Amino acid sequence: MTRPSYMLGVALVAGGALCWSFGGLVVRSLQANTWEVVFWRSLFMAIVVGLYLAVWRRRATVYGLRHALGPMLLSGLCLSGSFIVFILALREATVANVLVVTASAPLMAALLARVVLREPVRWNTWLAMMAALAGVGLMVNDSLSTHGMAGSVLAVICAACFATNMVVLRTRPDVDMMPTVVLGGLISAAITLPLAWPFPAPLHEVPWLAFLGIVQLGLGLVLFTLGIRYLPAAQASLVALLETVLGPLWVWLALGEAPSAVGLLGGAVVLGALAANTLLEGRAAIAPAHARRA
């Protein structure tokens, strides 16, 4: 990996995380009901990513749909659940709590992969899981005194959906699974259509609903997908944590929604565990590659 390609990867993944980070602020600012937000966000995202696949990744998409339709449908169902529950969680808990809890999905995926796929889990990941669990516990306890239990439970469900999707994707590493994002968007749009109808959102909010699907989710996914071609998975995950840092910052600056001291402590524990584990996993992945070249 050359330095220019590495820097390009960092820029693309950071760009994707930047797009994702605006989700909480925009959702908080909208009068549209939750189901309408999910519907338009999912539909616009499916259109954007679908066009990207049709133009630049047509062959890989057709091959995947022919040879891995079952895993793709399962992945699409997991993603549709995460798309729906994520917006529900943002309406019930602080943006900081939701983003930090959902950021723990890679650790959940590691545990689930150990059970389902018999993948080994390194000692540092076990420690990170325990630390993250303690941090999430602090944030859930903080939510009980401010927003109630519902938001934290929804955020955990969202993280579980993401984690399950990660494990499903690992079952077919030979196939480009990007079409599952489109499937997830279409499924969640179909589920929420009857609940969103007759679309009571004010007309001036339509551009923001489009922004959520086209830029915040759609463009963010495309940039991240392009970026991970140039970065190791562990490094990409670390750069993607930028969303978890910036998301609450935008809401605090624009709307004054600041997490409590306990919430900040819990978030710092989770993010610290994730960052440390990501760095250690990255070093472990690089070491064998150096050994082979030697």
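## Helix α6, tucked away

Let's start with helix α6, which covers residues 95–103. Of its 9 residues, 9 are buried, so the helix is largely enclosed by the rest of the structure. The buried residues of α6 are Val95, Ala96, Asn97, Val98, Leu99, Val100, Val101, Thr102 and Ala103. Here, buried means under 20% relative accessible area, exposed means over 50%, and partly exposed is in between (1.4 Å probe, protein chains only). Helices (H or I, at least four residues) and strands (E, at least two) are DSSP runs, numbered from the N terminus.

A quick word on the model: it is predicted, so local features need pLDDT of at least 70 and side-chain atom pairs count only at pLDDT 80 or more, while totals for chains, interfaces and linings use all residues. Residues are numbered from 1 along each chain as its sequence is written, and side-chain values use heavy atoms, with hydrogens and water left out.

Phe86 sits in helix α5, residues 69–90. It counts as buried, with 8% relative accessibility. Setting aside neighbours within four places in sequence, Phe86 is in contact (heavy atoms within 4.5 Å) with Arg41, Val98, Leu99, Thr102 and Cys158. As for Phe86 and Thr102, they are 16 residues apart along the chain, and their C-alpha atoms are separated by 8.6 Å.

## Ser42 in helix α3

Next up is Ser42, found in helix α3 (residues 34–56). At 1% relative accessibility, Ser42 counts as buried. Its side chain reaches the backbone oxygen of Val38 at 2.8 Å. Not counting residues up to four places away in sequence, Ser42 also touches Phe83, Gly185, Ser188 and Ala189.

## Two salt bridges

Side chains of opposite charge can pair when their charged atoms come close. A salt bridge here is a side-chain nitrogen of Lys or Arg within 4 Å of a carboxyl oxygen of Asp or Glu, and the count comes to 2. One of them joins Asp176 and Arg57, at 2.7 Å from N to O. Asp176 lies in the loop between α9 (150–170) and α10 (179–196), and Arg57 in the loop between α3 and α4 (58–67), so this pair ties together parts that are 119 residues apart in sequence. Asp176 is buried at 18% relative accessibility, and Arg57 is buried too, at 13%.

The other salt bridge pairs Asp174 with Arg172, at 2.9 Å from N to O. Asp174 counts as partly exposed, with 48% relative accessibility.

Cys78 is buried, with a relative accessible area of 11%. Cys19 is buried as well, at 9%.

Leu111, Val115, Val116, Trp123, Trp126, Leu127, Met130 and Leu280 make a nonpolar surface patch of about 790 Å². The elements giving two or more residues to the patch are α7 (105–116) and α8 (123–146). Helix α8 gives the most, with 4 residues, while Val116 has its place in α7.

Patches are made of residues with over 30% relative accessible area and no salt bridge: like charges are joined within 9 Å, nonpolar side chains (Val, Leu, Ile, Met, Phe, Trp, Tyr) within 5 Å. The areas come from the Shrake-Rupley method with a 1.4 Å probe; for residues, only the protein chains shown count as cover.

Conventions. Polar contact = N/O pair within 3.5 Å; in protein donor to acceptor, adjacent residues only side chain to side chain.
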